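Reader: Here is the structure I would like to go through. Please explain the labels used for its charged pairs.

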Amino acid sequence: MTNDEASKVRDRIEQSALIKTDSLNHTYNQHFLAANFYRWLNQFLDTVLFAASLLLVSQVLWTVWPVWISFIVPGLMALITGYRRTAKPDRRSERFRRSAHRHHALFDEFRDFLMVSLPDPSCSDNDVQHWFDELADRRRDLNMDSPDANSVWYYWIKYVRGEQKLQEQISTTPEMRKAIIGRNWEETGEQLD
C-alpha cells in the first residue's frame, strides 16, 4: 500500500470516527436532558402531592374549603399516584443518566482515538482499523441497549422551545467538531463535510 493509499484509509477512518464521536456527543447530551426532565417531573409531582395532602389536612382540621374539594383533591392525588406508578419518572431519570454516562465515556475514548492513536505514525493502518472497528462495535451495542429518548421531553423542546432550539440540541457546530478532533481544520485545509 502506498503512502497516498494509507493516507486515504486514515482519512476515511478519521471522518467516520468524527461522525460517530459527534453522534455520541449528541446522544449523551440528549440523555442528560431527558434525565433532567424526568427528575424535574418527579419533583414536580412530589410537590403537587405534598400540596394536595396539606390541603386535605387543612380541610379536615378547619373546614375552610368547600366540601367538593374533599372529593376532588383525593381524586387528583389518585391520578398522580397512578401515573407515577406506571410511568416511574424517577427510574427513567436514573436510566437516562446511566446511559448518558456510558455514552460520555465512549465519547472520550473516541476522542482519544482521534487525537492520539489515529495521528500516531507508529501505529499501523491495521491496528488503527482494528481499534476503530472495536469502538464502532461498542457504540452500536451501546445504542441498542440505550433507552429511547424520543418521548415527552423531545416534544417539549420541539413545540415549547421551538424548532430552532431543537436544531441547536441535535447539531454540533464546526467549532465543536474542531474541539472534538483536537486540530484546527482551517489550518490543514481539510474539510469536515
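Reader: Why is the contact between Asp 137 and Arg 140 called a salt bridge?

Author: A salt bridge is a side-chain nitrogen of Lys or Arg within 4 Å of a carboxyl oxygen of Asp or Glu. In this predicted model, the N to O distance between the side chains of Asp 137 and Arg 140 is 2.7 Å, so the pair meets that rule. Local features need pLDDT of at least 70, side-chain atom pairs count only at pLDDT 80 or more, and totals for chains, interfaces and linings use all residues. Residues are numbered from 1 along each chain as its sequence is written, and side-chain values use heavy atoms, with hydrogens and water left out.

Reader: How are Asp 137 and Arg 140 placed in helix α4?

Author: They are three residues apart, so about one helical turn separates them. Helices here are DSSP runs (H or I, at least four residues), numbered from the N terminus.

Reader: What makes Asp 137 partly exposed?

Author: Buried means under 20% relative accessible area, exposed over 50%, and partly exposed in between (1.4 Å probe, protein chains only). Asp 137 has 37%, so it is partly exposed. Arg 140, at 47%, is partly exposed too.

Reader: Why is Arg 10 called buried?

Author: Because its relative accessible area is 15%. Arg 10 forms a salt bridge with Asp 125 at 2.7 Å, N to O. That pair links helix α1 (residues 3-62) to helix α4 (residues 125-145), with the partners 115 residues apart.

Reader: How many salt bridges does the rule give?

Author: Four. Another of them joins Arg 138 and Glu 109, with the closest N and O atoms 2.6 Å apart.

Definitions and conventions. Helix = DSSP H or I, 4+ residues; strand = E, 2+ residues; numbered from the N terminus.
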